[in-house]
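Hi there,

Here is the structure I promised to pass on. Have a look at it first, and then read my notes below.

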Amino acid sequence: PVLASAHESGCICLWNIQGNIMKELLPFSEYSSGPLTVLCTDISTKILLAGSKKGHIICWNIDSFLEDPQNNKNQIKEKLCWRAHTTEVVDFFHEEEKNVVVTASTDGSVRIWHAENGYYFGYFGQSRKFELSDTSRLVLPPDVNNFPAIIREESKPVEKKVEYPLMLDRDK
């Protein structure tokens, strides 16, 4: 058994049953996800999903890591990150049979997304029916303007360059 905990720093910690930390995950997608608010997995525990205070959903492939956590070659890979809401994600679940993620936010909306690519299907309360089979057209909700970022296996974590613009000048 593995316990996952989400943290204010945006980090996810994976713990073993003895209470020892096994792995720390930090999203490295282009957009900062901010503090994490909610976690879930699919039924088969192949993917781990996290929701953030800034409205992002981040998806990791954890299947190979859970098969053999002691093997350093079996890494956890970030697969996908998308902006689901403009405010905090308070709850969500992954429906494996339909391959969708349903998200709820403090903005009062409940939205449906394709789990593999983050495509938007619609929101609860809309006048038209959900067309869950059509993943060819990429649309976004009116309040979100960032397309999903699919993380390729060859991608490397983004190096965060820190600049220190203030310098001590003793002559001044």
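This is a predicted model: local features need pLDDT of at least 70, side-chain atom pairs count only at pLDDT 80 or more; totals for chains, interfaces and linings use all residues.

Three strands make up an open sheet with antiparallel pairing, in the order β1-β2-β3. β1 and β3 (21–25) are the edge strands, and each has a single partner strand, so one side of each has no neighbour in the sheet. From one strand to the next, the twist averages 20 degrees.

Within that sheet, β1 (residues 3–6) and β2 (residues 12–15) are joined by four bridges in the antiparallel sense. L3 has W15 in β2 as its bridge partner, while A6 stands opposite I12. Five residues lie between the two strands of this hairpin, and G10 takes a positive phi near 90 degrees.

Now the rings. How many aromatic pairs does the structure hold? There are two. One of them is W82 with W113, a tilted pair at 6.0 Å centre to centre with 45 degrees between the planes. This pair links distant parts of the chain: W82 belongs to strand β7 (residues 77–83) and W113 to strand β10 (residues 110–114), 31 residues apart. W113 also forms a tilted pair with Y120, at 5.0 Å centre to centre and 55 degrees between the planes. Together, W82, W113 and Y120 form one aromatic cluster.

Best wishes

Technical notes. Residues are numbered from 1 along each chain as its sequence is written. Side-chain values use heavy atoms; hydrogens and water are left out. Two strands pair if DSSP finds at least two bridges between them. Axes are lines fitted to C-alpha atoms, for helices over the stretch in contact, and angles run from 0 to 180 degrees between N-to-C directions. Rings of Phe, Tyr and Trp (its six-membered ring) pair if their centres lie within 6.5 Å; planes under 30 degrees apart count as stacked, over 60 as edge-to-face and the rest as tilted.
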